[in-house]
Amino acid sequence: MRDKDGLRDAVMQAARETLEGMAFAELTPCEPGTVPDPSGEWRWARIMIMRPFAASLYIVFSKVLITRLVAGLLGKFDEEPAEDEILDALGELANTMGGVLARLIVPGQSAFELSLPDTGSSWPDMPAGVHSWNYMINEEPLLHLALMVEKEE
Amino acid sequence: MKRIIIADDSVTARMFTRRCLEISGLTDGVELVDAANGVEALAALRDAPADLLVTDLNMPEMDGEQLLARVIASPKLNRVPVMVITSADSEARSEKLLAMGAKVVLRKPISPPVVAEALEKIIGAHKEEWG
């Protein structure tokens with residue numbers, strides 16, 4: 001298993017590969033000290049690696065940012081995507097990101113298993129001890145990524 | 001008319017796959033049929049002849065691996081080539097799916113050139129069916 005810096009690099013690579021591949025979006029880290037405000041408007045997804053060890057990846061977008069991203073994905077330039085479209089796209093982003101991440105952190109060529117993604121509105125409940133990082137997409141805030149490795153085999 | 005079934009529980013993923021197929025230029029005049037899981041895909045395959053099944057693995061009700069096993073086991077359906085597009089793909093899993101009978105296994109995120117290349121490979125191997 002990687003150390004915290006190794007996990008950060010793997011999460012960032014997974015996010016970058018997914019967002020560039022699906023949405024032609026560029027990911028950059030936020031300034032150090034950036035702290036998201038949980039009382040703001042957020043949309044989140046969680047994907048879990050179930051096997052060979054347990055880990056959870058949380059993907060939390062500001063509502064403004066995910067709305068813009070999904071509008072681009074769906075080619076909806078004259079109308080705002082519906083809430084169910086936003087959450088479906090967010091779940092698919094999490095699913096794809098989780099797969100890339102698992103290939104980076106699961107040792108060797110071992111098989112792994114992913115959960116179906118959960119999604120929701122507002123700020124998600126995350127366990128204590130989760131590692132987290134903040135990013136901008138196309139220079140707009142804010143994407144919060146958090147990873148909890150719950151049980152290592 | 002040719003018919004392709006696209007099975008994925010995410011509307012976004014189905015739309016993305018559909019867009020990649022359309023950009024390839026190889027599906028002009030082909031009917032693209034959406035299915036939200038393996039059960040719906042199997043029903044669509046039984047409704048009318050299909051020329052290709054494109055499926056995700058991680059789906060509720062019936063997942064892609066179960067769907068592939070059902071297609072391969074069916075004398076009526078086992079000529080339909082299967083393209084798997086999934087995020088839950090490791091070397092070991094890919095080898096297993098190919099051994100089960102999948103023609104191609106692609107990793108998400110997919111891109112139009114990757115899908116086009118896979119489709120060309122399948123069409124090349126099924127020239128009689130695709131004309």
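**Entry 1: helix α5 of chain B**

Before looking at packing I wrote down what a contact is, namely heavy atoms within 4.5 Å of each other. I also noted at the start that I am working with a predicted model.

I began with α5(B), which covers residues 112-125 of chain B, and checked its length against what a helix should give. At 1.5 Å a residue, the 14 residues of this helix should span 20 Å, and I found the end C-alpha atoms 20 Å apart, which agrees.

Next I asked which residues of α5(B) are buried. I listed V115(B), A116(B), A118(B), L119(B), I122(B) and I123(B) as the buried ones. Looking down the axis of α5(B), I saw that these buried residues fall within an arc of 165 degrees, so they line one face of the helix. On the other side of α5(B) I found P113(B), E117(B), K121(B) and A125(B), which are exposed.

Is R14(B) buried or exposed? I recorded a relative accessible area of 10% for R14(B), and since buried means under 20%, R14(B) counts as buried. Leaving aside neighbours within four places in sequence, I found R14(B) in contact with I6(B), D8(B), D9(B), D34(B), A35(B) and A36(B).

**Entry 2: the largest pocket**

I turned to the pockets and noted that the largest holds about 240 Å³ of space. Of the 14 residues that line this pocket, those closest to its centre are G21(A), M22(A) and F24(A) from chain A, with F16(B) and R19(B) from chain B. The elements that give two or more residues to this lining are α1 (4-23) and α2 (63-74) of chain A, together with α1 of chain B. I noted that α1(B) gives the most, with four residues. Sorting the lining of the largest pocket by type, I wrote down ten nonpolar residues, three polar and one charged.

**Entry 3: the second largest pocket**

For the second largest pocket I recorded a volume of about 190 Å³. It is lined by 13 residues, of which E113(A), N58(B), D63(B), E65(B) and R93(B) are the closest to its centre. I found that β4 (113-114) of chain A and α4 (91-100) of chain B each supply at least two residues of this lining. The lining of the second largest pocket divides into six nonpolar residues, one polar and six charged.

Key: Residues numbered from 1 in each chain as written. Chains lettered and ligands numbered in written order. Predicted model: local features only at pLDDT ≥ 70, side-chain atom pairs only at ≥ 80, totals over all residues. Heavy atoms only, no water. Expected span 1.5 Å × (residues − 1). Buried < 20%, exposed > 50% of the residue type's maximum accessible area, 1.4 Å probe, protein only. Arc of directions from axis to C-beta. 1 Å grid on protein atoms, 1.4 Å probe; cavity = no way out; pocket = protein on both sides within 12 Å on 5 of 7 lines; lining within 4 Å. Points joined across faces, edges and corners; volume = space filled by probe spheres on them. Nonpolar A, V, L, I, M, F, W, Y, C, P; charged D, E, K, R; others polar.
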